[in-house]
Amino acid sequence: MRSIWNGAISFGLVSIPIKLVNATESHSISFRQIHTEDGGRVRYRKFCELEDREVTQGEIGKGYEDADGTIIPITEEDLSSLPIPTAKTIEIVAFVPADRIDPLQMDAAYYLQASGAPAAKPYTLLREALKRSNKVAIAKFALRGRERLGMLRVVGEAIAMHGLLWPDEVRAPEGLAPDTDVTVRDQELDLADALMDTLGEVDLEDLHDEYREAVEEVIAAKAAGEAPPQAPEPATGGKVLDLMAALESSVRAARESRGEDVEHAEVKSLPQRKTARAAPKQTGGKKSTSTAKKAAAKKTTAAKKSTAKSGQGQGQGAAKKTASKSTAKKTPAKKSTSRKRSA
């Protein structure tokens, strides 16, 4: 593997010559920009504003633009002679437990390779010291024009260094959590635990980039003049509105995918819930069919009561008028009674 940086690890008064090697590589598929009309490559060319001509990579350097627009040239010699100890040195400043490092700070990863025979003994000493202490080393180093923070740990028989973001580069998660009061029931936590137990065990070596593989299939098909593969139809499942039901379904699906016996799975069934809307829908048809009979019965009863109250001196017209008023007052009460029964 090609080294990208040469320097030394400063371990107290011990100096370990090392080479910095990338520990990771990208397998993502990159695309070229093309002219859609004829497929020609679209390229970016670098022009000098003063001479109005294209310049080569060898003619390009660094410069800092001041507030007034003035460009201050900065050479590689200026950067290599910076008055800081980390310019060519990975300076270890502390040893801390690994759980003190927030994963949010993790950045690029590198391997530290011992540079030459003189580095073998101090390199091995640092590696074994890190193993025995169960700690990681916090270091400062300079790379690509700026000072960085790093964490050294043992990977196999080598020392790896993870670049770390500075603490002030990690944003605080303020205002991201739900701002409403939510109560989580024990039954929901039990099902969540069951789902975690089912999905929690996995060999990371079995995971792979399915998106990249699908893109490669599309490229291969189009290169062969064939139609690209079509995406499978998404599963059309019913919308689950109940969290408990969603958890239960997730546990069953996870266990089925692993070939486990779902019949003996310890998943509690949800009790049947009564909904206030279901009952009125069932009794709605009965209202329309029996309205005429109930109205006739009401009028007859109201007429008898009003006739008794009005006395013998009143005529049949007064009795009808009283019956109609009595019916108008009692009809709303009867409707509300019907609603209470149906609810």
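So, is Phe95 buried, partly exposed or exposed? Phe95 is partly exposed, because its relative accessible area is 34%, and partly exposed means between buried, under 20%, and exposed, over 50%, with a 1.4 Å probe and protein chains only.

Quick housekeeping. This is a predicted model, where local features need pLDDT of at least 70, side-chain atom pairs count only at pLDDT 80 or more, and totals for chains, interfaces and linings use all residues. Residues are numbered from 1 along each chain as its sequence is written, and side-chain values use heavy atoms, with hydrogens and water left out.

Back to Phe95. Searching the whole structure turns up one aromatic pair. Phe11 and Phe95 make that pair, edge-to-face, at 5.8 Å centre to centre and 65 degrees between the planes. For Phe, Tyr and Trp (its six-membered ring), pairing needs centres within 6.5 Å; planes under 30 degrees apart are stacked, over 60 edge-to-face, the rest tilted. Phe11 sits in strand S1 (residues 3-11) and Phe95 in strand S7 (residues 89-97), 84 residues apart, so the pair links distant parts of the chain. Helices (H or I, at least four residues) and strands (E, at least two) are DSSP runs, numbered from the N terminus.

Now helix H2. The buried ones there are Pro122, Tyr123, Leu126, Arg127 and Leu130. They're on the same side of H2 because they cover an arc of only 135 degrees around the axis, taken from the directions from the helix axis to the C-beta atoms. Over on the other side of H2, you'll find Lys121 and Arg132 exposed. After H2 comes Asn134, with a positive phi near 55 degrees.
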